[in-house]
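Hi there,

Here is the structure I promised to hand over. Please open it first, and then read my notes below.

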Amino acid sequence: MKTRAAILREVGADWSVEEIELDDPQAGEILVKTLAAGMCHSDEHAHDGTMPVPMPLVGGHEGAGEVIGLGPGVTEFEIGDHISCSFIPSCGKCSFCASGQQNLCDLGMHLMEPGMMAGGFRHHSAAGEDLTPLLKLGTFAEHMILSVDSAIKIQDDVPAGPAALVSCGVTTGYGSAVNRAEVTAGDTVVVVGCGGLGTAAIQGAKIAGAQNVVAIDPSEFKRESAIDFGATHSAASMEEAVEMVGAMTLGVMADSVILTPGVLTGDLIAPAQFLTRKGGTIVATAVAPAMQMDVQLNLFEFAMMNKQLKGCLFGSTSPRKEIPHLLSMYQAGQLKLDEMITNTYALDQVNEGYADMLANKNIRGVITFD
Ligand SMILES: NC(=O)c1ccc[n+]([C@@H]2O[C@H](COP(=O)([O-])OP(=O)(O)OC[C@H]3O[C@@H](n4cnc5c(N)ncnc54)[C@H](O)[C@@H]3O)[C@@H](O)[C@H]2O)c1
Ligand SMILES: [Zn+2]
Ligand SMILES: [Zn+2]
């Protein structure tokens, strides 16, 4: 069939919205009509070259839609089901899935390979040129072919925008606080970078019972919006927050520091270390340039103060459990998702949406499809 998609042909090029050819879904695949796609910073990392990905590609890895076609033998879904994409697939069978760590599913090893999940089949093309859907999803398209491992059945009555946000950003940010930093009642938590992920981390910390949630962002709009989502204090930089965090903790410093800036660089670790109390936790969630090797860290203080530095992929959680769970918290009014969608865009406005993200105009921009 023919559909329309936002294509990236090389690092630094504009997104090009074009008609593409999509094959029929094969065994283990479904055809989905896209209803909404979130504009995560990670697509920008494909665009700016921070994250090397196979090109040309169909962009987008946050998305939600409705199942409109089934490959031969597919029993996991029915026509009309509503799904949220999962940017890491979960097979349910590998040892990591079986031990409740679906974010580490063995299928993740194929995510940076060209083509589809199974055997690298090509299902997307434009004028005869093969395209790779980003992270096997490609949500910046009116239709998607997904592996059943990359789709999560969700509640039918959740609006598409919120359902798209839990595909990646919200689940990752929330889990960075709740699962990886293990925030508990009365904690002091510092969140560095208050875009889509940071806003979800702030909400997670608040829901987990944090007493102080310190939002750090150079953007005044983000510092103000962080307060609306539950932050108790804000600062423009980690350096600026040292005195404040010291004062609110009687000099002990923060139980955890969560790093969700637009890009993670090695110079951000030492300032996070000095905001963290002895025995405390630094969670590194943001994407760093793929070849980043050098990190500023005071090794003596790190060991002698018994601190922890943890990476965090997809909120250190299992998407098949967490995605419907977060959406039920949204339905119960516990998690603010509508409020995170600052602006919506048509597919043709994808470049404008990313310019707005980089200009700090959005908590999250979302592409909507009619
Ligand atoms: N680990 C994962 O599984 C995972 C999943 C999704 C996204 N990510 C990554 O998380 C990061 C955040 O993504 P996002 O979509 O929330 O981005 P975003 O652009 O919405 O927000 C980033 C925020 O960081 C702020 N910022 C930039 N430099 C800063 C600094 N030095 N100190 C404090 N704040 C700073 C910006 O002003 C902005 O508000 C990106 O690197 C993204 O690729 C990681
Ligand atoms: Zn698995
Ligand atoms: Zn993402």
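**What surrounds the ligand**

The shell around ligand 1 is made up of 15 nonpolar, 14 polar and two charged residues. Here Ala, Val, Leu, Ile, Met, Phe, Trp, Tyr, Cys and Pro count as nonpolar, Asp, Glu, Lys and Arg as charged, and the others, Gly among them, as polar. Of these 31 residues, H41, G193, G195, L197 and P261 come nearest to ligand 1; a residue is near a molecule if its C-beta atom, placed from the backbone, lies within 6 Å of it. The elements that give two or more residues to this shell are α1, α4 (169-180) and α5 (196-207). Helices (H or I, at least four residues) and strands (E, at least two) are DSSP runs, numbered from the N terminus.

Before you go further, two notes on how to read all this. This is a predicted model, where local features need pLDDT of at least 70 and side-chain atom pairs count only at pLDDT 80 or more, while totals for chains, interfaces and linings use all residues. Residues are numbered from 1 along each chain as its sequence is written, with chains lettered from A and ligands numbered from 1 in the order in which they are written.

**Two domains**

The protein chain is assigned domain 1 (2-166 + 337-368) and domain 2 (173-312); such bounds come from an automatic or database domain assignment. Each of the two domains gives at least three residues to the shell around ligand 1. Their centres, taken over C-alpha atoms, are 29 Å apart. Where they touch, 11 residues of domain 1 are in contact with 12 residues of domain 2, contact meaning that the C-beta atoms, placed from the backbone, lie within 7 Å. Helix α1 (residues 41-48) gives the most to the domain 1 side, with three residues. That side has five nonpolar, five polar and one charged residues.

**A barrel, and the whole chain**

The protein chain has 11 helices and 18 strands. Five of the strands close into a barrel in the order β1-β2-β7-β8-β4, with mixed pairing; two strands pair if DSSP finds at least two bridges between them. Strands β7 (residues 124-126) and β8 (residues 129-133) run antiparallel and are joined by three bridges. S125 has D130 in β8 as its bridge partner.

As for overall size, the C-alpha atoms fill a box of roughly 65 × 40 × 35 Å along the principal axes.

Enjoy exploring!

Terms used
Contact = placed C-beta atoms within 7 Å.
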